[in-house]
Amino acid sequence: MSTGRRTSSYWPDIAASLVVFLVALPLCVGVAVASGVPAELGIVTGVVGGLVAGLLPGSSLQVSGPAAGLTVLVADTVATHGLEALGVIVLGAGLLQVLMGLVRLGRWFRAISPAVVQGMLAGIGLVLLLGQLYPFAGTTAPAGTAAKFAGLPGLVLEAAPQAVVIGVLTLVIASLWQRTRFHKVPGALVAVVAVSLLGVLLPVPRIQVGSLADELRLVDFSLFDTGVLGAVVTFALVASAETLFCAAAVDRMHNGPRTRYNQELVAQGVGNAVCGLLGALPMTAVIVRSSANVRAGARTKASRVLHGVWLLVFVVALPGVLSFVPLAALAAILLQAGWKLLEPRRVLALARTDRAEAAVLVLTAGLIVVTDLLTGTLAGLLAAVVKTAWDVSRLTVTVTPDGADHEHVELRGNATFLRLPRLLDTLEALPLTKHVRVDLSGLRHLDQACRQALEQWADTHRTAGRTVDLIRP
């Protein structure tokens with residue numbers, strides 16, 4: 001009886017781990033291919049995410065691995081510094097994450113403006129969509145963003161019909177499968193298997209798969225120099241932000257133990273350090289796998305650990321299976337992932353409710369597309385800070401005549417230097433021939449700049465022989 005109860009208590013996690021494995025496999029490969037690195041390195045990162053980060057404390061149900069949100073960053077880094085330098089950059093980012101977790105910086109990532117986060121994800125989604133349209137059409141993507149935009153008109157003429165058929169079928173099957181009663185089996189996996197069988201009959205580009213041992217390369221510490229420090233910091237910040245935003249979302253999906261942000265940041269750092277030592281892709285917590293894990297009924301961290309075991313068994317025992325997968329099928333899956341990151345409905349909803357927040361989102365996403373992830377995100381953060389400063393400095397100035405010789409001025413809100421020009425314009429427009437009473441009791445905050453300006457204006461008014469009363473709170 002006790003054995004039966006023990007088995008039944010383990011089964012939900014075992015079943016969930018299989019579902020997550022089936023979701024993770026095509027995504028691990030697709031993210032690696034989109035990042036311009038061998039497909040095996042994506043699976044290695046998935047294995048590390050399960051066996052290393054999955055075992056460490058922090059979060060119980062969120063699942064880690066290579067993320068679509070980092071493809072742009074990885075591709076740019078590999079193009080700039082070379083594939084050999086990726087390991088040392090990911091290792092450095094992992095160690096920085098561990099340090100941030102130990103000094104308890106994890107919870108501060110929750111303070112980032114939602115508009116910036118959504119803009120960052122939308123920008124990544126746009127870049128992902130732009131880059132994957134080319135393999136979807138069976139052609140090679142140009143190197144730069146401008147070249148990719150310029151090549152879009154000609155893409156219709158250059159597209160390979162066989163690749164487009166594979167890509168469209170992948171999207172159709174993945175979407176329709178979720179409406180069947182077998183929807184717990186991932187639609188992406190069903191689509192990739194189906195079109196891979198069809199792809200055997202069509203001459204389309206496929207994944208190039210080699211030996212796992214041939215692709216793994218231990219980190220070369222000699223490649224570390226000041227030139228890669230910027231990449232280390234960028235990887236650490238972006239991976240940490242994506243992980244902790246994912247944690248906040250996953251915590252809302254279940255009633256189990258909440259994520260301990262600082263410990264989860266340490267766990268991610270250790271996982272990335274191991275990925276760096278092996279020369280693999282960076283890892284983050286991934287919302288697609290994590291939500292699949294929760295929906296599949298996982299109860300403990302055993303599910304995310306076991307999904308790493310299944311990935312390891314697959315890449316060791318059946319690596320040749322991947323060579324049957326068409327590149328157009330993976331591009332279709334990543335196009336779907338990019339569209340989900342873009343979330344156009346949420347962008348439109350935000351634009352209707354708060355135009356200033358929507359402007360921050362558009363600025364962040366646009367700069368990510370035309371420059372890079374770090375520049376766009378930092379610009380978005382700066383814009384969010386400026387917007388917040390402007391919002392909290394709201395000041396209402398009301399001038400009411402009080403008889404023939406008196407004016408009553410009432411200030412409400414926050415009198416900060418940002419509103420000082422407007423305040424002075426109103427006060428200086430008052431005639432010097434009248435007595436003025438300035439009521440400051442409605443102010444929530446009066447900064448030093450406004451205080452000094454008010455006193456100087458009052459002194460100027462008094463020299464004209466009129467009285468000025470400042471009614472302080």
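**A tour in questions**

Guide: Let us start with Asn262, whose place is in helix α11, residues 261–277; helices (H or I, at least four residues) and strands (E, at least two) are DSSP runs, numbered from the N terminus. This is a predicted model, in which local features need pLDDT of at least 70, side-chain atom pairs count only at pLDDT 80 or more, and totals for chains, interfaces and linings use all residues. Residues are numbered from 1 along each chain as its sequence is written, and side-chain values use heavy atoms, with hydrogens and water left out.

Visitor: Is Asn262 buried or exposed?

Guide: Buried means under 20% relative accessible area, exposed over 50%, and partly exposed in between (1.4 Å probe, protein chains only). Asn262 has a relative accessible area of 13%, so Asn262 is buried.

Visitor: Which backbone nitrogen lies 3.4 Å from a polar atom of the side chain of Asn262?

Guide: Contact means heavy atoms within 4.5 Å, and, leaving aside residues up to four places away in sequence, Asn262 touches Gly101, Arg104, Leu105, Gly106 and Arg107. A polar contact is a pair of N or O atoms within 3.5 Å; within protein, one must be able to donate a hydrogen and the other to accept it, and residues adjacent in sequence count only if both atoms are side-chain atoms. The nitrogen at 3.4 Å from the Asn262 side chain belongs to Leu105.

Visitor: What is the phi of Arg104?

Guide: Arg104 sits in the loop between α4 (86–102) and α5 (114–136). Its relative accessibility is 54%, so Arg104 counts as exposed. Although Arg104 is not a glycine, its phi is positive, at about 65°.

Visitor: And what phi does Glu343 have?

Guide: Glu343 is found in the loop between α14 (327–342) and α15 (344–353). With a relative accessible area of 27%, Glu343 is partly exposed. Glu343 is not a glycine either, yet it has a positive phi of about 45°.

Visitor: Which residue in β5 is the bridge partner of Gly413?

Guide: Two strands pair if DSSP finds at least two bridges between them. Strand β4 (residues 406–415) and strand β5 (residues 435–446) run parallel and are joined by 9 bridges. In β5, the partner of Gly413 is Leu443.

Visitor: How far is the C-alpha atom of Met283 from that of Leu189?

Guide: Met283 lies in the loop between α11 and β2 (284–285). Its relative accessibility is 0%, so Met283 counts as buried. Beyond four places in sequence, its contacts include Thr45, Val48, Ala239 and Cys275. Leu189 is 94 residues from Met283 along the chain, and their C-alpha atoms are separated by 21 Å.

Visitor: Stepping back, what percentage of the chain's residues count as buried?

Guide: The chain has 19 helices and 6 strands, and its C-alpha trace spans about 95 × 65 × 55 Å along its principal axes. Among contacts with a separation of 6 or more, residues 24 or more positions apart account for 79%. Of the 473 residues, the buried share is 49%.
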